[in-house]
Amino acid sequence: MGKRLMRKAPVTQTLAGSVLVGAALTAHAQSEPLAAEALDWQPWRGEQAAGRVCSGRYVMPAYRLEKRADPDEIAVETRQSDYSAEGDALLRGDVVLRQGDTQLEAERVFVPGSRERADAEGNLALRDGRALVRGSEATLSLVSDRGRVENSHYVLYAERLRGQAERLEQIGEQQYRLRDASFTTCAPGENTWQLVSSDIRLDQKSGVGTAKHARLEIKDVPVLYSPWLRFPLDDRRQTGLLTPTIGFSSDQLDIAQPFYWNIAPSRDATIIPRWISDRGLLLGGEYRYLNENSRGKLEGAWLSDDRGGSGGDANRYEGEDRWYVEARHAGRVSPRSRYQLRYGAASDGRYFDDFGSKFGDSDRYGMERLAQIDYRGDTWRLDARAQGYQRLDDPLSDSDKPFYRLPSLTADARWQLGHGFYSQWHSSATYFWRDVDETRVPVREAATGTRVHLAPALGARFERPWGYVEPRTELWNTAYTLDYGRRETRRDTSPTRSVAVSSIDAGLTFERELTLGGNGYRQTLEPRLNYAFVPRTDQRDLPEFDSRERAFSWGQLWSPHRFSGQDRVGDLNRLSLGLQTRLLEDDSGREKLSAGIGQSVYFADRRVGLDGRDDAVRPVENADDNAQRDYYQATRDRSPLVSRLDWQINGRWSTGAQWLYDDHRDATERSSVDVRYRHPDGHVVNLGYRWEIEGFDPGIEPGDDAYNDYDREEWDLSFAWNASPAIDLIGRYLHDQTNDRPLEQLAGVQWNSCCYGLQVVWRRWVDDNDTARIRDDFNDRGLFLRFVLHGLGGAGQNADSYFERTIPGYRPPAL
C-alpha cells in the first residue's frame with residue numbers, strides 16, 4: 001500500500017481542467033500513437049455493439065483517490081517519498097495526486113521547497129472528468145495558470161476528440177498553445193482524417209481558437225492547406241469562415257463560401273459569395289437581429305449579367321441581372337397582440353428554380369408582402385393587414401397575378417348562449433388591387449375595389465354520448481365598390497348580395513366490444529346525415545377576387561360551401577349521407593382502422609358558376625370537352641360515391657385509400673392507394689398510386705400552369721433503408737403513366753462512420769418550364785455530394801429536408 005500524504009495548496013486550473021474542452025482543432029505530434037486502452041477507449045461488446053456506428057467510446061476510469069471536502073487540499077499517494085533539508089520533495093513509484101476533480105498520475109514527481117511548481121515524468125496521465133492528457137514529462141505551476149506537457153496525447157471525452165502535440169502549454173487563464181499538433185474524431189487506430197498544424201492557440205475565455213499552417217490529411221495524404229485559420233471552441237458564435245458548399249448539377253459547378261460576422265450578442269450577418277460556372281458570381285447575404293419584443297432578418301442575393309445557364313431553359317435570361325430580396329420582422333405589442341412585417345421580391349419568376357439554395361428547392365410559388373397586426377381576446381379576434389404576393393411563374397399572365405389587399409380588416413367573435421346555442425360574427429372590409437391590363441383578363445377579374453362582408457351566424461349543437469344534431473344558419477351580406485378602369489362594361493359598380501347559408505348536421509354513434517386475434521377492440525358504427533340549402537342568387541356583377549370552386553372530397557360531403565373565398569356563394573339543395581366505422585384498441589385507445597363511405601343527393605341543378613350567373617343550365621351544341629364537363633357537373637343528380645380507408649395493419653405495415661366513383665357514368669373520378677412500411681430500425685418503404693380524371697379540380701381552369709389536359713395516372717415508389725448502422729440507401733421513382741415518362745428518379749447512399757459522413761445523391765427530374773404544356777417540359781439532372789468530418793464541419797448540399805418531403809416517414813440520421 002502506498003503512502004498517503006495531505007498538503008494545502010492554492011487552487012490552480014491544471015492543464016487538463018479545460019485545456020481542450022470544446023476545441024475544434026488540435027495538433028500532430030511526432031510521438032508514436034498510443035494503444036486504445038491508454039486513451040480510455042472502451043469498445044462495445046456483445047449486444048452493446050448492435051446498431052452502433054462507432055466501435056466504442058471514451059470513458060474515464062474511476063478516481064484512485066477520494067475527493068476532499070476542502071477544494072484547496074491535495075491528496076497524495078506514492079510508494080516512496082524523499083525530502084531534502086531545503087524542503088524539496090521527490091515522490092517516486094506510481095505517484096497519484098488529486099486536487100478537486102483533477103488527478104495526476106506519474107512515475108516521479110518533484111516539488112521544490114518553494115512549492116511553486118510540480119515537475120512530473122514517466123507514464124504521465126492527467127484527468128479531470130472531461131479530458132485526458134498523457135505525456136512523457138510535465139511542469140505545472142502551483143501559483144499561476146502556467147504549465148506544459150511534452151510529447152502529449154489527449155482525449156476530450158464528450159466531444160469524442162483525440163490528438164497529439166509535441167508540446168502542450170497553458171500560457172494564461174484558460175489560454176493554451178499547442179505546437180506541432182493534430183486532432184481527429186476517428187476511433188483510436190483509424191486515422192481516416194486528421195487536421196495538422198504547427199501552432200494552435202486556444203482561448204476558452206473568448207471561445208476562439210487559431211491555427212497557423214493548418215492542413216487537412218486524408219489517410220495521411222494532405223488534401224487542403226491554409227496559412228491561418230480561426231475557429232470556434234464552443235457553441236458561442238464567432239466571426240469567421242463557415243464550411244463551403246459544393247454542388248454538381250448537369251453541366252454546372254456550384255461553389256459557395258459563407259463568411260459569418262458576429263456583430264453583437266443579438267445581431268449577426270452571413271455573407272455568401274457563390275460562383276456558378278454557367279451563370280457567374282452570385283453575391284448573397286443574410287442579416288438577423290433579436291430584440292426583447294421583436295426579431296427579424298433581411299436576406300438577398302445579386303447576380304450581374306447572367307451568362308445564360310444550361311439545361312432546358314438555357315439562355316433564357318442571358319445578359320440580365322438576377323436578384324431577390326426578402327425582409328421579415330415580427331414582434332409583440334402585448335400578450336394578446338402581435339404584429340409582423342414581410343417584403344419579398346425577385347427579378348423574375350424562375351429565380352428560385354435556377355438559384356434555389358437548397359436541394360430540390362424549386363417549388364416556391366410566391367413571395368409575400370405583408371404588414372399585419374392582430375388581437376386575440378377571449379371573445380373577439382381582430383386582424384388588420386396589407387398583403388400581396390409576387391407569383392413566381394415565368395411566363396406570368398395577367399390572370400395569374402394575385403390581388404393585393406390594401407388593406408384588409410377582419411373581426412370575428414363567438415358567444416355561447418347556453419343550452420347548446422351559440423352565435424358567431426364574422427366581418428371583413430378589404431380593398432383589392434392589382435396591376436394588370438383590364439382589357440386582357442375576364443371581365444369578372446378586371447375590377448379593383450372594396451368589399452365589405454358581414455356574416456352573423458346562429459346555431460345550436462345538441463350532443464349526447466350516442467349522437468348529436470347541429471342546425472346552423474349563416475347570413476352572408478356583401479357589398480362592393482368597383483372600378484373597371486379602361487374596361488368597358490355594363491356591370492353594376494356597386495353590387496350587393498345577401499344570402500342565407502343553412503345546414504343541419506346530425507350523426508349517431510353505435511359501439512360494441514369485440515375480440516380479434518386475442519386482442520380486445522371497440523368498434524363504432526357512425527351514420528351521418530347533412531342537409532344544406534343555399535338559395536340561388538344572381539352574382540354576375542360580382543367580381544372574382546379570391547374565390548375558387550372546390551374539388552369534391554370527403555370533406556365536401558359535409559360543407560355547404562361550393563366555393564372558397566367570399567365572392568361566390570354556390571346555390572345548393574343537397575342531402576349527404578355517410579357511414580363510418582372505426583376500430584379502437586382497448587389498451588391504448590389507438591385507432592386501428594377507419595373506413596367511410598358517403599354520397600350527396602342533389603334536389604336541384606347548381607346554376608351559379610364561377611362567372612356568377614344564375615341562368616338556367618342548358619346543354620351547348622358542339623361544345624368542347626370543358627363545356628360539356630361543366631354542364632354535367634351542374635346537372636348531375638348525385639355526387640360521386642366517396643369512400644376512404646385508413647388501416648394500421650400491424651406495427652410496421654399500414655395502408656390508406658380513397659375512391660371517388662361516378663356510379664352514373666360508371667367511371668372513377670379520383671382514386672389513390674398508399675401502402676407504407678415502417679421498421680423500428682428506420683427502414684421506410686412507400687408505394688402509392690394516384691388517378692385523377694381530366695378537369696377533376698374545377699378550381700384549376702384550362703390554361704393554368706397546374707392544369708393537366710389528360711387523365712392523370714401516377715405511380716410513386718420511395719424508400720430509405722438502413723443497410724447497416726453505417727449505411728443508408730435512399731431512392732424514389734415517380735412515373736407518369738399517362739405520358740409514359742418518369743417525373744423524378746432519385747438514388748442516394750449515405751455512409752456514416754464514427755469520424756466522417758458521406759452523402760452521394762443522383763437526381764433526374766422534369767421541369768415544367770412554368771407552363772401547362774407538356775411539349776416544352778425538359779429534363780434536368782444532377783449529382784450531389786456532401787462530405788462531413790465530425791468535429792470539423794463539411795462541404796456540399798444538404799438534401800435531408802428534401803428527402804423528408806418526398807419520402808414520407810423518413811427521418812435522416814445526423815451526418
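How many salt bridges does a search of the whole structure find? The search finds 68, a salt bridge being a side-chain nitrogen of Lys or Arg within 4 Å of a carboxyl oxygen of Asp or Glu. This is a predicted model, in which local features need pLDDT of at least 70 and side-chain atom pairs count only at pLDDT 80 or more, while totals for chains, interfaces and linings use all residues. Residues are numbered from 1 along each chain as its sequence is written, and side-chain values use heavy atoms, leaving out hydrogens and water.

**Salt bridges**

- R434 and E445 form a salt bridge, with their closest N and O atoms 3.3 Å apart.
- R434 is in the loop between β28 (421-433) and α3 (443-446), and E445 is in helix α3; helices (H or I, at least four residues) and strands (E, at least two) are DSSP runs, numbered from the N terminus.
- R434 is buried at 6% relative accessible area, and E445 is buried at 7%; buried means under 20%, exposed over 50%, and partly exposed in between (1.4 Å probe, protein chains only).
- D716 pairs with R690 in a salt bridge, the closest N and O atoms being 3.4 Å apart.
- D716 lies in strand β41 and R690 in strand β40, so the pair ties together parts 26 residues apart in sequence.
- Salt bridges that share partners join R690, R712, E714, D716, R732, E744 and R763 into one network.
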